[in-house]
Amino acid sequence: NVTLDFAANQNFVLTLTGNTTLVNPITERVGQSGFIVFIQDGTGGRTITLGTNYETAGAAGITLTAAASKTDLVPYVVAAADRILLGQPQRNFS
């Protein structure tokens with residue numbers, strides 16, 4: 001499980017070495033925006049589960065590229081306390 005520290009960083013790079021949950025943070029600030037980079041490890045197939053503070057359009061969640069060593073970029077904006085809106089992932093960078 002990973003808790004992003006929004007007070008320390010605006011952008012995040014996570015290498016996934018297993019299925020991961022983004023735990024609800026307590027340090028986000030309204031209006032803050034940036035991106036989260038997800039990198040599959042050499043095995044790939046890792047998934048992300050979102051804490052309840054992370055929202056996606058239509059409550060669809062996010063699907064990452066499953067291939068080993070691929071990179072996806074997900075933009076975000078903090079709309080309110082406990083509301084981090086995730087944009088459409090840009091997938092399959094290599």
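Which loop, between which two strands, holds Arg29? Keep that in mind while you load the whole chain. This is a predicted model.

**Stop 1: the whole chain**

Show the cartoon. You will find zero helices and eight strands. Followed along the sequence, the pattern is β-β-β-β-β-β-β-β. The radius of gyration is 13 Å, close to the 12 Å that the globule rule gives for 94 residues, so the chain is as compact as a globular protein of that length. Along the principal axes, the C-alpha atoms fill a box of roughly 35 × 30 × 20 Å.

The chain exposes about 5,000 Å². Carbon and sulfur atoms supply 50% of that area. Of the 94 residues, 36% are buried. Take contacts between residues at least 6 apart in sequence: 61% of them join residues at least 24 apart.

**Stop 2: Arg29**

Select Arg29. Arg29 sits in the loop between strand S2 (20–22) and strand S3 (33–40). Next, show what surrounds Arg29. Leaving out residues up to four places away in sequence, Arg29 touches Ala7 and Val78. Arg29 and Ile84 are 55 residues apart in sequence, yet their C-alpha atoms are 9.6 Å apart in space.

**Stop 3: the aromatic cluster**

The structure holds three aromatic pairs. Is Phe6 buried or exposed? Phe6 is buried, because its relative accessible area is 2% and the cut-off for buried is under 20%. Phe12 also counts as buried, at 7% relative accessibility.

Which parts of the chain does the pair tie together? Phe6 lies in the segment before strand S1 (12–16), and Tyr76 lies in strand S6 (residues 71–80), so the pair ties together parts that are 70 residues apart in sequence. Both Phe6 and Tyr76 are buried. Show Phe6, Phe12 and Tyr76 at once: ring pairs link these residues into a cluster.

**Stop 4: the salt bridges**

Side chains of opposite charge can pair when their charged atoms come close. How many salt bridges does the structure hold? There are two salt bridges.

Select Asp41 and Arg46. Their side chains meet in a salt bridge, at 2.8 Å from N to O. Both Asp41 and Arg46 are buried.

Now move to Arg83 and Glu55. Arg83 forms a salt bridge with Glu55, and the closest N and O atoms are 2.8 Å apart. The pair links distant parts of the chain: Arg83 is in strand S7 (residues 83–86) and Glu55 is in strand S5 (residues 54–56), 28 residues apart.

Colour this pair by accessibility.

**Last view**

Display three selections together. One is Arg29 with Ala7 and Val78, which Arg29 touches. Another is the cluster of Phe6, Phe12 and Tyr76, linked by ring pairs. The remaining selection is the salt bridge between Arg83 and Glu55.

Methods:
Residues numbered from 1 in each chain as written. Predicted model: local features only at pLDDT ≥ 70, side-chain atom pairs only at ≥ 80, totals over all residues. Heavy atoms only, no water. Helix = DSSP H or I, 4+ residues; strand = E, 2+ residues; numbered from the N terminus. Contact = heavy atoms within 4.5 Å. Phe/Tyr/Trp six-rings, centres within 6.5 Å; stacked < 30°, edge-to-face > 60°. Buried < 20%, exposed > 50% of the residue type's maximum accessible area, 1.4 Å probe, protein only. Salt bridge = Lys/Arg side-chain N within 4 Å of Asp/Glu carboxyl O. Rg over C-alpha atoms; globule rule 2.2 N^0.38 Å. Areas by Shrake-Rupley, 256 points an atom, 1.4 Å probe, with all protein chains shown as cover.
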